[in-house]
Each structure stands twice: as structure tokens, then as C-alpha cells.
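Hi,

Here is the structure I promised to pass on. Have a look at it first, and then read my notes below.

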Amino acid sequence: MDLLQLAIKTGIYALMAGTLVFALGVVMLKNLFHAALSLAAVLIGTAILYLVFHAEFMAAVQILLYVGAVITVIIFAIMLTEHIAERSIIQRNKQSLPALLGVLALLVLIGKVLLKTPWPVNPSTLDARVSVSDLGVALMGTYVFPFEVISILLVGALIGAVVIARKDSRP
Amino acid sequence: MNLIPLNHILIFSLALFGIGIYGILTRRNIIGILISIELVLNAANINLIAFSKTTSLSPETGLVFALFVIAIAAITVAVGLAIVLALYRSRKTIFADEVHLLKW
Amino acid sequence: MVTADWIYLVPLFPLMAFVVNLLWGARFLKNKAAWVSIVASVAACAVALPICVKVFGGARFSNEFVWLTIGSGTLRFGYLVDPLSASLLSMVTIVGTLIQIYAAGYMAGDPRFSRFFAYVSLFMFAMLTLTIANNFILFFMAWEIMGLCSYLLIGFYFEKTSAAKAGLKAFLTTRVGDVGFLIGMLTLFATLGTLDFSEINSLLTGTSQARLGINTSLLAISALCIFCGTIGKSAQFPLHVWLPDAMEGPTPVSALIHAATMVAAGVFLIARSFVIFMAVPGTMPVVTTIGCVTAFMAAFIALTQTDIKRILAYSTISQLGYMVTALGMQGLGAGTFHLITHAFFKALLFLGAGSVIHGTHVQDIRQMGGLFKKMPHTALTFIIASLALAGVPPLSGFWSKDEILLTAFASGHSLVFWTLLLTAFMTAFYMFRLVFMTFFGKARDPKVHAHESPALMTLPLWALAVGAILLGIPGSPMTHHWFQRFLAHAIHHPEYHPSTFVMTCSVVAAISGIALAGIIYSKNIRWAEAIAKTFRPLYQLSFNKFYFDEIYSKYIIRPFNAVGAIFFKFDASIIDGAVNGAGTGSLWIGAVKNWIDQHIVDGLVNFMGTFTRLLNSIVKRLQTGFVQNYLLIAFLSFLVFIIWELKLI
């Protein structure tokens with residue numbers, strides 16, 4: 001048992017590390033296509049992490065939506081706009097240093113706060129397993145308002161994207 | 001869940017968040033910025049899920065929230081990429097630092 | 001029927017004639033303007049003579065009205081018709097009317113005909129006012145108006161430069177005298193407190209109580225200063241220089257103003273203020289001396305003059321000298337008597353000369369000759385007047401001149417007597433020199449064609465001739481010196497019994513003068529040239545009028561002009577310089593202000609702009625246009641915010 005747990009723990013930590021590595025790849029890779037693929041890896045890694053959290057539905061949705069749809073769209077866009085000849089162009093802009101410093105500062109700060117805070121872990125929640133039907137009920141019951149708003153938002157975004165990306169066909 | 005202490009998850013998502021911020025601020029390619037935004041949102045999602053599974057009173061709250069965030073992220077990407085396409089069509093560029101007409 | 005207050009009408013008629021002729025003469029009346037003046041003059045005569053007759057009968061009239069009130073003092077104007085003014089009034093009206101009738105003929109055809117008569121009417125107004133004035137102020141005002149008319153009429157032919165200059169010379173010279181007159185008037189007022197003739201009379205002839213408080217030295221000064229007015233107006237030495245030049249005016253003007261009336265006003269002034277002179281007997285010798293010198297000097301000059309009017313002008317000066325001398329010797333009756341008779345025969349002489357000039361169109365006697373046959377009326381009346389002037393009995397001039405000589409002899413002024421006697425000889429000589437050269441002998445200039453003047457001119461000549469003949473009678477022993485006694489009722493003065501010695505002397509002087517002139521000038525004119533060569537310096541002195549004009553020009557006029565030029569330079573440089581300096585100063589101040597405005601004020605404004613731009617150039621770099629820059633800034637601000645909050649915690 002210990003070994004299994006240890007193996008699982010190690011596996012999870014390795015997963016997290018790998019995700020972070022792939023995240024770094026997202027922001028640093030010159031080739032955008034590779035960056036997109038790294039993003040895909042990150043998303044998959046996140047999905048597996050969700051499984052660890054016993055949020056299976058989330059993991060599934062993550063894979064479906066993110067990796068399936070979003071990444072696809074991003075790949076489409078990259079393909080549509082890629083200048084293949086520009087591989088050697090620097091992908092970082094002039095403010096990389098201040099940004100780095102800022103981010104590090106952020107990490108340090110929030111990390112410190114984070115570690116100091118005594119998070120009230122609720123044991124009953126720890127053991128709870130949320131089923132899809134529960135989720136569905138919550139979605140349609142308590143959270144119906146945000147649900148509807150999201151739908152409107154989706155419609156709006158749809159129309160907006162179509163309008164923006166439409167070819168300007170005026171004579 | 002009791003396998004990994006909450007703090008570690010939180011640090012992990014913080015690191016992801018920081019990397020994502022760094023990417024937003026640094027990437028020249030607009031699509032690069034967009035995928036960095038995805039990272040940030042993802043980090044937020046992990047946080048939500050982690051908290052909903054450990055400290056919240058009702059476990060499905062975080063899940064629903066995260067669901068909505070995913071939806072929003074998708075919208076963001078869609079609209080952003082539409083903008084990128086429009087920009088590419090008119091300016092023939094996808095680099096953010098070449099799009100600086102609104103300056104002094 | 002005619003009451004005394006009607007006397008106001010006497011000067012008023014000519015004044016109305018003046019206004020009518022001035023306003024409507026040029027356009028509407030033209031040649032009829034003379035009738036307006038003559039009618040006014042006749043009307044004045046008609047009103048004046050009855051009143052004068054009453055005064056001759058022994059009456060005296062005076063009245064006055066208040067003109068204006070200043071504080072506690074009042075200015076009153078009015079008339080005083082006493083024997084003195086009645087005599088003069090009758091003379092002025094009659095002679096004035098006759099001369100104006102003559103002038104209607106003489107000035108016919110002149111383009112400024114109506115203006116001439118307007119001026120003459122104004123003059124008549126002034127002269128009549130002067131005659132009846134009852135105080136010095138009204139007298140002086142009329143005096144000044146007469147001076148103005150004299151200027152206007154002398155310069156009547158103002159296109160001739162000599163005429164314009166002569167008018168100015170007359171005005172300025174009499175002005176010098178008038179300043180003295182004014183000072184005399186003011187001193188008199190300061191001394192006596194009044195300028196009214198009647199009041200002065202009563203003050204100075206009253207009881208010694210009233211006279212004790214009067215400052216006699218100031219009174220003497222005022223008397224002498226008043227005499228200055230006479231020196232100017234009556235052309236006495238040294239201010240006589242204007243009268244010969246005044247002959248530039250038309251001949252009727254010369255007759256009226258410069259022979260009969262205006263120049264007589266000076267003598268009339270002394271007569272009016274006689275009481276003042278009598279109150280300070282020390283001033284009398286001054287008067288006598290000046291009069292005597294004038295008489296002799298003018299007669300001496302007249303001996304060699306060749307212009308017919310100049311000879312008459314010097315003759316006038318000489319006769320005025322006679323009158324002034326008489327008054328200086330307290331002979332009021334003699335002086336006034338001579339004034340009246342002189343007016344008639346001198347006016348007649350001038351009008352006759354005018355007739356001659358009108359007929360021959362020349363004025364130089366060397367160009368005339370033998371005019372007796374061609375101009376009989378003129379010649380006859382002229383000779384009558386010359387006889388009167390020379391002092392041949394029984395004409396009027398003899399009686400009046402004899403009175404003066406008598407006064408001189410009997411009052412002990414023997415030097416004066418012999419000088420005046422010599423002058424009488426010279427008078428007779430030069431007058432008959434004139435007569436013989438003009439009317440007798442052969443015509444010297446063949447170009448001169450003479451003709452007799454029209455009746456309008458010759459009738460006044462005869463009228464004046466009658467006066468010249470007959471007017472001697474009222475003052476002669478035949479009426480027992482009625483005239484002198486008549487005047488003495490108003491002012492007491494010494495009277496002398498007639499002396500046959502004096503009479504004989506004057507007759508001898510006159511006849512010998514006429515005879516000598518007759519011998520030389522009717523047959524032997526070359527003798528005249530010989531005499532002139534022999535006594536060359538005397539001749540030059542006489543011919544050049546004792547060089548008075550040259551002396552005045554060099555020693556008085558030129559220094560005055562120099563002083564005037566200095567003052568002008570002062571005015572131009574300093575005062576105008578001050579004004580210009582003020583202007584330049586303002587420009588300076590303006591320039592300084594301009595500099596301040598440009599550099600400091602505008603600099604301030606510009607600085608504000610520059611400063612804003614400076615700030616802008618720093619701040620605008622925030623807006624880079626890079627979205628990621630904005631994001632970075634937002635992120636860093638968020639970090640700062642967190643740090644701030646967390647640290648505060």
C-alpha cells in the first residue's frame with residue numbers, strides 16, 4: 001500500500017513538474033505550433049490532475065473542450081497566419097526582464113501568503129464524490145442564472161467572432 | 001486527495017499562473033498571448049477545483065464555476081482568434097509590438 | 001420838440017447806416033450806398049443842431065444810464081452836451097455830411113463803394129459818440145473805434161502794399177499813444193476815484209478841502225499820460241510819422257479823418273481834461289513845448305514836399321501843433337476856436353486837392369500848372385481856404401490864429417510867440433507855393449489833361465468855403481469874443497485883450513509869406529532850385545522829413561523785431577521743444593512698454609506653453625500603443641498594491 005501511494009504521489013508530483021515544464025514551453029518556444037502543442041500537453045496534464053481530484057467530469061470536459069475544440073481552433077489560426085519563414089524571430093519582447101521580475105515577485109509574495117494561511121480543510125468535502133447528476137441538478141437548480149448568462153454570452157461571442165472575422169466584402 | 005497536501009497544489013497552480021502571466025507580458029505573437037491566457041485560466045481552474053474539493057461547504061460549487069470558466073476561456077479564444085484574423089488581414093502582421101498606432 | 005435825450009440818436013443814425021451798408025451794401029445797394037450814409041448823416045445833423053443851438057443859448061444837458069453793475073461798482077454811459085461838446089458836435093455833423101456828399105462823387109465807380117461808406121458811417125458813429133461822451137471810458141471806446149476805422153480806411157486800397165503798410169503804421173503809432181492814454185486813465189481813476197467828466201470837474205475845481213486829499217504827483221503823471229494819447233492821435237512830435245503816410249487813403253478819408261475830425265479828437269481830449277492840466281500847472285510846459293516843436297518842424301518839412309496831399313498833411317500836423325500849444329498856455333478858447341475853423345478850411349483844402357487829383361490823375365505838383373482856367377470852382381475855393389490857413393483877415397483862420405498868438409504873447413511865452421510867428425510865415429509860404437505851382441503858370445506836364453469835377457463834388461467845396469469865410473466871426477473882437485466867453489462858462493481860463501501889435505505881426509507874416517511864394521513860384525522857379533542848392537543840408541533835412549522814419553526804423557523797430565525774434569526762438573525751441581520732448585518721451589515709454597510686453601509678458605505666456613510641452617514630452621512616453629506595456633504596468637501596479645497592503649498588515 002505504501003509503495004502504491006508513494007508511487008502515486010511520485011507520479012502526481014512528476015505530472016505536476018511535467019506540466020510546469022510544458023507550460024514553460026508554451027511561453028518560451030519560438031515555433032508557435034510547438035507552443036500550441038505544449039499547451040495541449042499542459043491541458044492534458046491538468047485533466048489528469050482533475051482525475052486525481054476525483055473530478056472526473058471536469059477532466060472529461062477539459063479534454064473535450066480545451067484539448068479538442070480550443071486547441072483545434074488555435075491550430076487553425078496558427079496555420080492561417082503563420083509566416084513559416086520567420087522561425088528565427090525572437091518571441092520575447094522588450095519587457096521580458098521586468099515581466100520576469102514581476103512574476104517572480106508575485107510568486108514569492110503570494111507563495112508566502114499562501115503557505116502561511118491555515119486553510120480550513122473540510123473533511124466531509126474531502127470524501128464527497130460528486131456525480132454527474134448532482135452536477136446537472138446544481139447547474140439547473142442553484143446556478144441556472146449564470147448558466148443562462150453564459151449561454152447568452154456564447155451567442156454573443158459567436159456573433160461577434162463571425163462579424164469580426166468576416167471578409168470585408170463591400171465593393 | 002489526501003495524498004497531496006493542498007499547499008502543493010496551490011503552489012503548482014500559482015506557478016502555472018505566474019508562467020502564464022509571464023507569457024502574456026512577453027510573447028510577441030498574438031496567438032502566443034492567447035495561449036498564455038489559456039494557461040492562466042487553467043491555473044485558476046485548478047485552484048477552483050482544489051478548493052472545492054477540500055475546503056468548500058458544497059463540493060459542486062467549484063465544479064460549476066470551473067465549468068463556466070472553461071466556457072469563458074473558449075469564448076475568449078474564439079473572439080481573440082477572430083480579431084487576430086481580422087488584424088492579419090488588414091495589417092499583415094501577427095506581432096503585438098507592430099500594432100501600436102494608438103500612441104503619441 | 002427835440003429834447004435832450006434825442007441826442008442818443010445822433011450817433012445811432014450813422015451806426016444804422018454802417019450796419020445796412022455792411023450787410024446789404026455790396027449786393028443790393030451798390031451805388032446807392034452813399035445815400036444811406038448821407039441820409040443818416042443829415043438826420044444826425046438835424047437832431048444835433050437844434051440841441052446845439054439850445055446849448056449856444058446857455059443850456060447844458062447831461063444824462064446817463066447804467067450799462068452794467070459789477071459788485072458795488074457800476075459802469076454808466078451817458079452824454080454830456082456842454083459848450084465844448086456842442087461846438088464840436090455841430091462842426092462834426094456839418095463837415096461830415098458835406099464830405100460824404102463829396103465822396104459820393106469822388107468814389108463813384110469804385111468796386112468797394114458800399115464798404116467805403118459803411119466804414120465812413122462807422123467812423124461818424126465813433127466820432128459823434130466821442131463828442132458827447134460823459135466819461136473817459138466811453139470816450140476811450142469811441143477813440144479806439146476811430147482808430148480802427150482809420151486803419152480800415154487808410155488801407156482801403158489794400159492791393160497797394162504802400163497803402164496796407166500805411167494803415168498798419170497809423171494803427172501801431174497811435175497805439176503807442178493809446179497805451180499812454182490808458183495808463184493815464186487808470187492812474188486818474190486811482191487818484192480821483194472817478195472817470196466821469198462832470199465829477200472830475202467838480203472834484204478839481206471845488207473847495208480846497210476836497211482837493212487836499214488828492215495826490216498831485218500821481219495826477220501830474222496821469223495828465224501827462226493822457227497827453228500821450230493826444231501825441232499819438234493828433235500826430236504830434238514824436239508820433240507824427242503816421243499822418244503823411246496816411247495820405248495813401250482816398251482823399252475824402254484824408255479830409256474827414258485826418259484833417260477835420262479824428263486828429264482834432266486829440267485836441268478835444270486835452271480840452272475835456274483841461275481841469276486836470278490846470279490842477280497840475282507843472283505839466284503845461286511839456287504840452288506847450290511839444291506843440292511848438294511840432295508846429296515849427298512840420299512847417300519846415302512842408303516847405304520842400306512835392307506831393308500835394310503830403311504838403312497838406314504836414315500842414316495839418318503844424319496846425320495841430322498850434323492848437324496843442326494854445327492849450328498848453330491855458331488858452332482853451334483859442335485852441336478850440338482854431339480847431340473849429342481849421343476843420344472847415346483844411347477839409348476844404350483836402351477836398352480841393354482831391355478834386356485836382358480827380359481831374360488830373362496826378363499828385364505831384366511839379367506835374368501840374370495853370371489849372372485855374374480848367375478848374376475854376378476848385379481853384380477859387382482852394383485859394384479861399386489857403387488864404388484862411390495863411391491867416392489873412394477877415395477870413396476865419398486869421399482870427400483863430402491871432403488868438404493863439406495873442407495867448408502866447410500876453411502870457412509871457414515870448415520864445416513860443418516868435419516861433420509861432422515864424423511858423424505862420426512858413427505856412428503862408430508853402431501854401432501859396434502850392435497854389436502858384438498848381439493853379440497858375442503854364443502847364444508843366446503836357447500829358448496832364450484836366451477837367452472840372454462834377455457838381456456833386458464842387459457844391460460841398462463852396463459850402464465849406466462859406467464856413468471858412470464866416471466862421472471867424474463868432475470868436476473875433478467883432479462879437480466881443482463870444483466864443484471864448486461861451487466856453488469860459490464851462491471852464492474858467494484866462495482871457496486877454498486883443499493887441500494890435502500881435503495882429504500886425506501876424507498879418508505881416510502872412511502877407512510876406514504869400515508875396516515871397518508869389519515871386520518865386522509864379523515867375524522865377526529857378527530861384528527855388530538855387531535856394532535849395534545854397535542851403536543844401538537844410539533842404540535835405542526838410543525834404544527827408546528830418547529822417548524820422550529812418551531813425552525810428554533803425555533804433556526802435558529793428559531792436560523790437562530782434563527782441564521779438566528772440567522770443568520766437570525761445571518759443572520755438574523751448575516750448576515747442578518741451579512739447580516735442582513730451583512726445584518723444586511718450587514714444588520712449590511706449591518702447592519700454594513694448595519691450596516689457598514682448599519679452600516678459602509674452603515670455604511668461606510662452607514659458608507656460610513650453611513647460612507644458614516639456615512635461616508632455618516626459619509623460620507621453622507612457623502611451624506606447626503596446627497593449628502588453630499597459631498590461632505590465634497594470635501587473636506591476638497590482639504587485640505594488642499587494643505589497644503595500646500586505647506590509648501594512
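C:D178 and C:R175 both sit in helix α6 (residues 161-192) of chain C, and since they are three residues apart there, about one helical turn separates them. Their side chains meet in a salt bridge, at 3.5 Å from N to O. Keep in mind that this is a predicted model. Are these two residues buried or exposed? C:D178 has 4% relative accessibility, so it counts as buried. C:R175 has 33%, so that one counts as partly exposed.

How many salt bridges are there over all chains? The structure holds ten. Here are a couple more that I looked at.

C:R272 forms one with C:D82, and the closest N and O atoms are 3.1 Å apart. C:R272 lies in helix α12 (residues 262-272) of chain C, while C:D82 is in the loop between β2 (73-81) and α3 (83-106) of chain C, so this pair ties together parts that are 190 residues apart in sequence. C:R272 counts as buried at 7% relative accessibility, and C:D82 counts as buried at 5%.

Then there is C:R310, which forms a salt bridge with C:D245, with 3.6 Å between the closest N and O atoms. This pair also links distant parts of the chain: C:R310 is in helix α15 of chain C and C:D245 is in helix α10 (residues 242-245) of chain C, 65 residues apart. The cut-off for buried is under 20% relative accessible area, so C:R310 is buried at 18% and C:D245 counts as buried at 17%.

Helix α14 (residues 284-302) has 19 residues and reaches 27 Å from its first C-alpha to its last, close to the 27 Å expected at 1.5 Å a residue. Of those 19 residues, 14 are buried, so α14(C) is largely enclosed by the rest of the structure.

Helix α17 (residues 376-390) of chain C has 15 residues, which should span 21 Å at 1.5 Å a residue; its end C-alpha atoms are 21 Å apart, so that agrees. Eleven of the 15 residues of α17(C) are buried, so this helix too is largely enclosed by the rest of the structure. Among the buried ones are C:F382, C:I383, C:I384 and C:L389. What do the buried residues of α17(C) pack against? They pack against α15 (308-328), α16 (332-360), α18 (396-410), α19 (414-439), α20 (455-470) and α22 (500-523) of chain C. Just after α17(C), C:G391 takes a positive phi of about 95 degrees.

Last, the place where chain A meets chain B. The contact takes 84 residues from chain A and 73 residues from chain B. The area buried between the two chains is about 7100 Å², and carbon and sulfur atoms give 78% of that. On the side of chain A that touches chain B, at least two residues each come from α1 (2-28), α2 (32-52), α3 (56-81), α4 (96-116), α5 (123-127), α6 (132-140) and α7 (144-165) of chain A. α1(A) gives the most to that side, with 14 residues. By class, the side of chain A that touches chain B has 62 nonpolar, 15 polar and seven charged residues.

Happy to look at it together whenever you like.

Cheers

How values were computed. Residues are numbered from 1 along each chain as its sequence is written. Chains are lettered from A and ligands numbered from 1 in the order in which they are written. This is a predicted model: local features need pLDDT of at least 70, side-chain atom pairs count only at pLDDT 80 or more; totals for chains, interfaces and linings use all residues. Side-chain values use heavy atoms; hydrogens and water are left out. Contact means heavy atoms within 4.5 Å. Buried area is the accessible area (1.4 Å probe) that two parts lose on being put together, summed over both. Helices (H or I, at least four residues) and strands (E, at least two) are DSSP runs, numbered from the N terminus. Ala, Val, Leu, Ile, Met, Phe, Trp, Tyr, Cys and Pro count as nonpolar, Asp, Glu, Lys and Arg as charged, and the others, Gly among them, as polar. The expected span of a helix is 1.5 Å times one less than its number of residues. Buried means under 20% relative accessible area, exposed over 50%, partly exposed in between (1.4 Å probe, protein chains only). A salt bridge is a side-chain nitrogen of Lys or Arg within 4 Å of a carboxyl oxygen of Asp or Glu.
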